[in-house]
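The sequence and the structure are shown first.

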Amino acid sequence: FSNASRASMAASGSGAGSHERRNWLVHILYVRREHDACLAVIEEALAEARGLAEYPLYVKALILRQRGAVAESLTLFQAAACLNPQNVCNLKQVGRSLYLLGRHRAALEVYDELLRLSERDWEVWHNRGLCRVYLKQYDEAIEDLMRAKSLERHDATFLQLGAIHALRDNFRAAAEMYLEALEHSPGSAELLTAAGLAYLRLGENDKALELLDASLARDPTDPRTVLAAGSLIQDKPDPDGALLSYRVAAVWAPNSAPLWSNIGMCFYRKERYVAAIACLKRAFFLDPFAWIISFNLGLVHLCTGQHASAFHYLSTSINLKPDHAPSYMHLGVALSRLDDLDNACAAHDKALEVGGGHLCELNYAITLALHGELEQALSHFQASERLLTGLLETDKCVEPGMLEQRQLLAETLGVPLAVSPLGA
């Protein structure tokens with residue numbers, strides 16, 4: 001709450017009793033952040049008033065909550081609310097402490113009471129919406145936050161509305177909400193980053209990079225923004241440009257697992273495999289349950305010929321995210337190189353089952369061809385060609401490293417390519 005609100009509370013009872021003569025001093029010490037001195041004055045005031053001083057109780061509760069003693073602050077706020085039940089500031093803080101303690105239903109009851117006292121307070125509607133988010137009442141949360149937005153426009157409300165849409169995988173609605181917020185707060189780096197990430201999830205990378213660059217122009221040290229912008233540069237591919245961005249993020253977020261994972265994949269693109277594995281293992285140490293890190297480690301070990309290690313990390317990735325087709329595909333490649341054709345075929349079949357594309361079919365065909373199963377290899381190669389033709393007709397990008405393998409396989413099987421590499 002604002003200093004003005006606290007000042008109003010401090011002055012509200014200045015003539016009611018001698019113990020309230022210290023309210024001005026309590027207020028000044030609090031806003032100066034001289035909390036130890038402030039607490040000493042508060043204890044004197046409470047001793048003189050036998051614990052029945054509203055404003056000292058209120059400020060003491062604020063200080064305790066800032067120091068992490070949320071349960072103790074709740075007791076003090078409730079005592080202040082008992083002394084003056086019509087003071088909405090006390091009830092707001094009771095609701096806030098209940099929210100921080102995870103008692104969201106109890107907090108909702110407090111906010112319902114507040115709405116009976118002050119129906120046009122945007123902050124009450126906003127906090128009520130936050131409680132409903134944690135209770136997974138998303139439709140009701142959106143209604144409360146929209147009501148808060150209609151009363152007063154605050155970045156926090158827009159950010160929370162966008163976050164709810166993102167939770168429901170409605171990234172278009174999230175992006176539109178952030179853009180609406182940027183109309184009245186165009187210099188907000190946080191809003192620009194949120195909008196950029198929403199467009200990134202929509203696959204509109206150019207728009208995402210534009211927004212992220214605008215955010216970096218205002219706050220060049222935000223690790224989340226730098227990481228997102230770097231990943232887009234990395235996908236171009238421009239590993240050197242991405243590494244320059246990640247150097248900035250590493251200063252401010254040295255223990256970010258996604259950051260070290262992305263740095264490792266930049267080194268992988270530069271074919272510096274030892275550095276790539278070192279960075280990815282640091283990322284794995286920081287977050288061993290991130291499936292993408294295990295997947296990346298499996299990919300790099302596969303490229304360096306460490307097929308048993310690749311099998312280990314790819315199996316871990318599959319256990320963490322069992323619906324990712326490329327994990328099964330690369331596991332099949334690793335098993336093939338370990339001369340376990342039956343399990344390799346089972347892995348490739350699973351990749352196709354969970355949604356594999358032309359690359360899964362092509363790798364399956366290569367695995368079969370390497371083990372002399374040319375008839376089955378031909379069937380999967382033709383399926384790969386059909387899928388590839390569909391991709392080229394929709395102007396989608398094709399991985400350049402795949403074209404050489406495709407050409408070699410066609411020569412081995414003695415069949416023409418459906419689409420020439422030059423055309424691709």
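Predicted model: local features only at pLDDT ≥ 70, side-chain atom pairs only at ≥ 80, totals over all residues.

Which helix gives the largest share of the lining of the second largest pocket?

Helix 12 gives the largest share of the lining, six residues. The pocket itself has a volume of about 290 Å³. Of its 14 lining residues, those closest to the centre are Ala166, Tyr178, Ala194, Leu197 and Arg224. Helix 10, helix 11 and helix 12 are the elements that give two or more residues to the lining.

By residue class, the lining divides into ten nonpolar, one polar and three charged residues.

## Helix 12

Helix 12 runs over residues 189–202, which is 14 residues. From first to last C-alpha the helix reaches 20 Å, close to the 20 Å expected at 1.5 Å a residue. After helix 12 comes Gly203, with a positive phi near 85°.

The buried residues of helix 12 are Ala189, Leu191, Leu192, Thr193, Ala194, Ala195, Gly196, Ala198 and Tyr199. Their packing partners are helix 10 (155–167), helix 11 (171–184), helix 13 (205–218) and helix 14 (223–234).

## Ser317

Ser317 lies in helix 19, residues 307–320. Ser317 counts as buried because its relative accessibility is 0%, and the cut-off for buried is under 20%.

Leaving out residues up to four places away in sequence, Ser317 touches Trp291, Ser294, Phe295 and Ser327. With Ser327 there is also a side-chain polar contact of 3.4 Å.

Technical notes: Residues numbered from 1 in each chain as written. Heavy atoms only, no water. Helix = DSSP H or I, 4+ residues; strand = E, 2+ residues; numbered from the N terminus. Expected span 1.5 Å × (residues − 1). Buried < 20%, exposed > 50% of the residue type's maximum accessible area, 1.4 Å probe, protein only. Contact = heavy atoms within 4.5 Å. 1 Å grid on protein atoms, 1.4 Å probe; cavity = no way out; pocket = protein on both sides within 12 Å on 5 of 7 lines; lining within 4 Å. Points joined across faces, edges and corners; volume = space filled by probe spheres on them. Nonpolar A, V, L, I, M, F, W, Y, C, P; charged D, E, K, R; others polar. Polar contact = N/O pair within 3.5 Å; in protein donor to acceptor, adjacent residues only side chain to side chain.
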